[in-house]
Amino acid sequence: MGSTNPSKRHAEKKIETELGSIDLAKKPSRQWKLLDFISLTMMAGIVILFLLIFTSLGDSLAASGQLYLDHEESAAAQLQLAGATTSSSVKSDFTGSTVSSSFWEQVEDGQLVEFCSDRYVDHMPCHDPKRAVKLSRERNFYKERHCPPAAEKLNCLIPSPPQYQRPVPWPESLRKIWYGNIPHTEVVQSKSSRHWVKKEGQYFVFPVDETNFPDGVGTYVQQLAQYIPFDTGAIRTALDIGCGDASFGAYLLSKDVLTMSFAPRDSRKPQVQFALERGIPAFVGAMGTLRLPFPSFSYDLVHCSRCLLYFTANNGSYFMEVDRLLRGGGFFVFSVALELQPFQKTCLEELQELVTQRLCYTQVEVGDSTVIWQKPMNSSCHSQQHEQPAICPKENDADKAWYVPLDYCITRPTAFDDLGEGMNPILPKWPERLEKAPLRLIKMSNHESEQFESDIHTWKSILDYYKKTLHLKLGSPEFRNIMDMNSGYGGFAANLVSEPVWVMNVVPAFGVPNTLHAIFDRGLIGVLHDWQVSLTDKFSMYLLSVHRLKHKSMSEDDLKFAIFLFICRCEPFSTYPRTYDLIHVSNLMQSTAQRCSLAEVGLEMDRILRPGGMVVVRDTEEMIHRISKIATALHWTFEVANMEPEGVYHLVARKHFRKQKSYLQIVEFQKFKRGATKLVS
């Protein structure tokens, strides 16, 4: 065993000979390996930094991190409310809807809700920039409504800016608003070249005739008035696309024209927020992949100034939406900057062909920067066309507009042709149309004219009761922006047209008849919205989506979006916090309670209600009892009255200015309980 193998010794000697003078004892330096590792790490860090700065990855990661912090903060507020103390419960309980459900139950039981941190002063759940940055930019998809799932909803009250105070009263608010209510100096800097808004001391000031229009909005409207009959009562409802400073809609109020202005959310230039603070009708929205939340033939005028929207893109579906909303005989105004951008020139040329040659509009006027077209009154021209776009199929309901994809087809005249009235029956002029039963309501929706006339008289009595018994000062400077959450025929708003207010009429998209077309036919404005989207309705939409996919008329992306809709439930409104001075609710809560948490709707009402603003709920005794507990949880003070006949009760509540845990609402609730006990006995 001690002898050495001769062949092995021979091999070792051969290796030594071949290596020659190479020193096998010398090994590569360990220091070089370390330096290589450091260099590689630094290079990787630079690449990652580059990706975070110059791509959307950084925005996505930041948004995800912020969402995690939001979850933690909201969960902490929940646990504080529930009396929990362990941090492990924060993470485990907030992963699903279980905690949310218990939270809503606590709110419905009257437990006080905490306030969110100050960074949420402008929080809009369905228009959240942190969520939008992760969405596709194609066809403005990221600018549309994208509501959070249950696990991402904030379970706290949206605070006001530290210096917030009661808004400047109307009509003084047209010229100035409090800086502390919307402390965004970025809008002044971004609009400094146009001078439509300036900061002077504690105010944002809007100089007369210093607007988006080169010669002032007054001169601009006077030029349009040469071709559009503003002063005859024929033009009452207008839609302003990408409203800018909303000065167009503000000026038309003097012509008795009610304008709905809208634009996407812009964190740097919150122009819709400025419009609402000034008391001008507006909401947040975008022309993207879905219909706007209005029925067909709603507007007498559609206007787009300094227009950056490419109407002929996506097969012209954007202008097909304009055509759906515009009445027969109505006007479309397309206005651009004096110096046309190349894409605007191309858009204008393509739009000219689409509007005049294919849709049979009449070109009323062409100026250096403004074109006016008038829509035909009947569909005879369309029936002679052999090229696209074609008339929409009969199963396409033009009045459905809640999460309905845009179409590339001409809205059917259908019922109007059946009535022998062409594309749109000629409406009475304003103000006669306000109290005349709309023709399409009677003939299309099978409503009786007597029912409509009865509704007019009913709401006159109710408004008289509101003013004399509930002492609501509806004609005072205290109220300007008003919402009616369940508008019906618009009777509440119709009885306020002589007051210095405007009313956003909301018709629920499900569960009640779609009467929004009647509201527009009366010369009022509003939107479709669903405060509480039921799983039944969502499931129906899902099944319809699957059907369309089988017939190759829906893409897989559209199907995924439909599934998202099926999962989502209660939906916030498309507006900024602190929008309305008064929120009116009549006979809505009974159906709401069956489909969605009343507490969740209550928190949304608190978000869009201004501090010092009021809520009036008209419902049954049982429902008022439930809502009064929620009012307690929301830090509102309230009174309950039941003097209206037929067992109708009213809750009149006010939102406080300060973040205070007041016990006044608890005292009021105890009074209500004693009163309710006497009434029941």
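Strand β12, helix α18 (residues 516–521) and strand β13 come together as a right-handed β-α-β unit. Right-handed here means that, with the strands pointing away from the viewer, the path from the first strand over the helix to the second runs clockwise. Helices (H or I, at least four residues) and strands (E, at least two) are DSSP runs, numbered from the N terminus. This is a predicted model, in which local features need pLDDT of at least 70 and side-chain atom pairs count only at pLDDT 80 or more, while totals for chains, interfaces and linings use all residues. Residues are numbered from 1 along each chain as its sequence is written, and side-chain values use heavy atoms, with hydrogens and water left out.

Within that unit, β12 (residues 502–508) and β13 run parallel, joined by four bridges; two strands pair if DSSP finds at least two bridges between them. Asn505 has Gly526 of β13 as its bridge partner.

Zooming out, β13 and β12 belong to an open sheet of seven strands with mixed pairing, ordered β13-β12-β11-β14-β15-β17-β16. The edges are taken by β13 and β16 (637–644), each with a single partner strand, so one side of each has no neighbour in the sheet. From one strand to the next, the twist averages 20° (axes are lines fitted to C-alpha atoms, for helices over the stretch in contact, and angles run from 0 to 180 degrees between N-to-C directions). Further along, β14 (residues 580–586) and β15 (residues 609–619) pair in the parallel sense over six bridges, and His584 has Val616 of β15 as its bridge partner.

Two helices pack on this sheet, with contact meaning heavy atoms within 4.5 Å. Helix α16 (residues 449–468) touches β14, β15, β16 and β17 (648–654), and its direction makes about 130° with that of β16. Helix α23 (residues 621–633) touches β15, β16 and β17, with its direction at about 10° to that of β17.

Most residues other than glycine have a negative phi, and most peptide bonds are trans. The bond from Trp170 to Pro171, however, is cis, with omega near 5°, and the one from Trp430 to Pro431 is cis with omega near 10°. Asn315, in helix α11 (residues 313–325), has a positive phi near 65° and counts as exposed at 58% relative accessibility.

Methods
Buried < 20%, exposed > 50% of the residue type's maximum accessible area, 1.4 Å probe, protein only.
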